[in-house]
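Here's a quick tour of one protein model for you. Have the sequence and the 3D view open as you read, and look up each residue as it comes up.

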Amino acid sequence: MSSLVDGELPGTLFHPPPHLERTAHVPGMDTYRRMYAESVEHPEAFWANIAQEFFWKTPATGPLFNWNFDVRKGPIATNFMTGATTNISYNALDRHVACGLGDKTAFIWEGNNHGDEGKITYSQLLEEVSKFSNVLKAAGLEKGDRVAIYLPMILELPIAILACARIGVVHSVVFGGFSADSLAERMLDGKCSVLVTADGVWRGDKFIDLKKIADEAAAKCLAHGHKTTRKIVVKHMGPCPVTQQNGTTNGVLNGNGHDHAKGDGRGKVPRVDRYCSKKHHKELITQWDDQVDWWWHEEVAKVEATCPPVWMDSEDPLFLLYTSGSTGKPKGILHTVAGYMVYAALTFKCVFDYQDDDVYWCTADAGWITGHSYVVYGPLLNGATGIVFEGIPTYPQPDRFWEVVEKYRVTKFYTAPTAIRSLMKFGEEIVLKHDRSSLKILGSVGEPINPEAWLWYHKYVGEERCPIVDTFWQTETGGHVLTPLPAATPLKPGSATLPFFGVLPAVLDEDGHEISQPDCEGYLVFKQAWPGVMRSIYGDHKRYENLYFGKFPGYYTTGDGCKRDKDGYYWITGRIDDMVNVSGHLLSTAEIESALIEHPGVSEAAVVSHPHPIKGECTYGFVTMKVGHVFNKQTVSELKLKVREKIGAFAVPDFLQDAPGLPKTRSGKIMRRVLRKIACGDRALGDISTLADSDVVETLFKLRPSNA
């Protein structure tokens, strides 16, 4: 894996390590090509074979797989396993327990603070999910109702998700950093009558009063005529709740992993083996309304520990997940049971080459699609042991990721390029001091990874022996659509490489014509459906059709631009709205960023469009320097020369500014709309409640060039 061939970047190839092929699910390119051809030429047969790995209460009675992507031929629709019934919670839990995996660890929980940790087995998880399912039923919920989940990364989050799925309730997880307005907007759109939240949470050394935000959101919903009938609250702060049953101590789940109980009411070990450092306990004066508010731990103590699954039709709704809309109104992306289940499971199995002894860690928050597919559903459907991480990469020190890798002997690690670039500035020493010998495969998600960050990740984190699966996908796709397979695909740093099974990409020009030659650039689209593709925008199917299928009839439009090279590899150039037209030249901001970060003193860069009186638009760059390097006039000259040399004079940014930090969400995504506002000196920023550190915004305003 460490040898370079085929010249210099970006054409450099890194071949799969031979030892992976011996046990891989897809061992080599010949196997990939054979399986891929079957998946796109005979998709019904291909997916029917994959579906046999799951439990179906009743078999399909109609077509196994059909779709329409052409608005000219009728309504856009995708149908999978027509007439079949199943339950994703049953397939993620009961199926494994019945096969003898009950004592296997399902989740390891690593809290925000050192010492806050724990684990839960598949049998324990099944019991906790069943209990919370019964709590939801006691709250009056039935199949088809919607529940909003507003929780930090604690074990109650996957429990709540799976409990909803178990009884046919549609879950709508809202990232625990959203404001009350944003939470209320999503609850109103989804008509969610129950809200699951916590009293509070620490993110690094910053405290967030979740219950207060939840109360404000519920009040806003009521003001719009929609009542929140119940708020179920995890006691995450303060002394851990302990209940008594039959005169003995009963350990109860607490969101901070706190379980100081010594028994489970039957004289046995605690049901959930968790420990708490108490370092950041916080006594809250929690506003409480007995007519609406329930404590999680009190309610689960009242119910039975078993709950039969509700058998769901294959196309019944599973969850809503909201994404930003071009009009400002969030879109409720709707996924359904069977297709999402099969696709999330297969992508996890193949892309991470899952093996039974793996300890898998995806650092994403379950408030986003990556957390849904590759923290909760994908790993559990494969019987994996995964890590639920509450913390942030730089707290209490910037080696937290590598410390956790060493502590739990992580084998498969999946994170965002932004996280990698932000950690690069601290140098490789903080990586090298930790044992990473357990790592086998590294992953990248969320945005294109520039080659320089790819190489650093490969060299220092993966010790030049771990393949990097650079995955491209969206909330709408349900799972990976362009991705390497670690034992099959030769890798090119910065490229998402080739399509996953069942995915048929194409590149279109501005007029909607397919570009057939391999070396090309244009709009990335998909020509046929795969089981995990979204089914609609909740409550607005016409918007769904217009947004994703209206621009180019017959194709699913991703909204991303791409290049396809001579080998058929795909390179994502960024959102079309992140493309900048400078004097007639269509530029990719990601490409300019990649050039800037080649400077030896730069750890991270972000480029946005900026109005220009002559060119129409120009580019404006934010540059974060590595520790020990300074941003000055010489640096600016060197950076402009780097872009000139890498791309051309027309691509040189008109403005470059020092950026000690960038505005990012907790999941690591850069909020580029905020950067565009800063570049223009416009303080009308809109909702910035999802920022991990809002103080960075004012710093960037102060550092704006005077001539911008």
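**The nonpolar cores**

The largest nonpolar core has 147 residues, and the members that touch the most others are L125, F132, I149, Y377 and F501. A nonpolar core here is a set of buried Ala, Val, Leu, Ile, Met, Phe, Trp, Tyr and Cys residues joined through side-chain atoms within 4.5 Å. Helix α10 (residues 337-351) gives the most to this core, with 12 residues.

Before going on, note that this is a predicted model: local features need pLDDT of at least 70, side-chain atom pairs count only at pLDDT 80 or more, and totals for chains, interfaces and linings use all residues. Residues are numbered from 1 along each chain as its sequence is written, and side-chain values use heavy atoms, with hydrogens and water left out.

- Touching, or contact, means heavy atoms within 4.5 Å.
- Apart from that core lies another one of 31 residues, including F389, W402, L442 and Y460.
- "Buried" means under 20% relative accessible area, "exposed" means over 50%, and "partly exposed" is in between (1.4 Å probe, protein chains only).
- Helices (H or I, at least four residues) and strands (E, at least two) are DSSP runs, numbered from the N terminus.

**A covered strand: β8**

- Strand β8 (residues 194-198) is mostly covered, with 5 of its 5 residues buried.
- In a regular strand, side chains alternate between the two faces of the sheet.
- Both faces of β8 are covered: V194, V196 and A198 are buried on one side, and L195 and T197 are buried on the other.
- Strand β6 (residues 146-150) pairs with β8 in the parallel sense over 4 bridges; two strands pair if DSSP finds at least two bridges between them. A148 has L195 in β8 as its bridge partner.
- β8 also pairs in the parallel sense with strand β11 (residues 230-234), over 5 bridges. Here T197 has V233 in β11 as its bridge partner.

**A four-stranded sheet**

- An open sheet is formed by 4 strands in the order β24-β25-β27-β28, with antiparallel pairing.
- Its edge strands are β24 (505-508) and β28 (570-575), each of which pairs on one side only.
- On average, neighbouring strands of this sheet are turned by 45 degrees against each other, direction ignored. The axes are lines fitted to C-alpha atoms, for helices over the stretch in contact, and angles run from 0 to 180 degrees between N-to-C directions.
- β24 and strand β25 (residues 520-526) run antiparallel and are joined by 4 bridges. V507 has L524 in β25 as its bridge partner.

**Aromatic rings**

- How many aromatic pairs does the structure hold? There are 48. Rings of Phe, Tyr and Trp (its six-membered ring) pair if their centres lie within 6.5 Å; planes under 30 degrees apart count as stacked, over 60 as edge-to-face and the rest as tilted.
- F348 and Y360 make an edge-to-face pair, 4.8 Å centre to centre with 90 degrees between the planes. F348 lies in helix α10 and Y360 in strand β19 (residues 359-362), so the pair ties together parts that are 12 residues apart in sequence. Both F348 and Y360 are buried.
- Y374 and W473 also make an edge-to-face pair, 5.0 Å centre to centre with 80 degrees between the planes. Y374 is in helix α11 (residues 369-381) and W473 is in the loop between β23 (468-470) and β24, so this pair ties together parts that are 99 residues apart in sequence.
- Y374 counts as buried at 0% relative accessibility, and W473 counts as buried at 10%.
- One aromatic cluster is formed by Y32, Y36, F46, W47, Y343, F500 and F501.

- S536 is found in strand β26 (residues 536-537). Is S536 buried or exposed? S536 is buried, because its relative accessible area is 9%.
- The side chains of S536 and H541 make a polar contact at 2.8 Å. A polar contact is a pair of N or O atoms within 3.5 Å; within protein, one must be able to donate a hydrogen and the other to accept it, and residues adjacent in sequence count only if both atoms are side-chain atoms.
- Helix α16 (residues 541-549) has R543, Y544, E545, Y548 and F549 as its buried residues. Their cover includes β18 (331-336), β26 and β27 (556-564).
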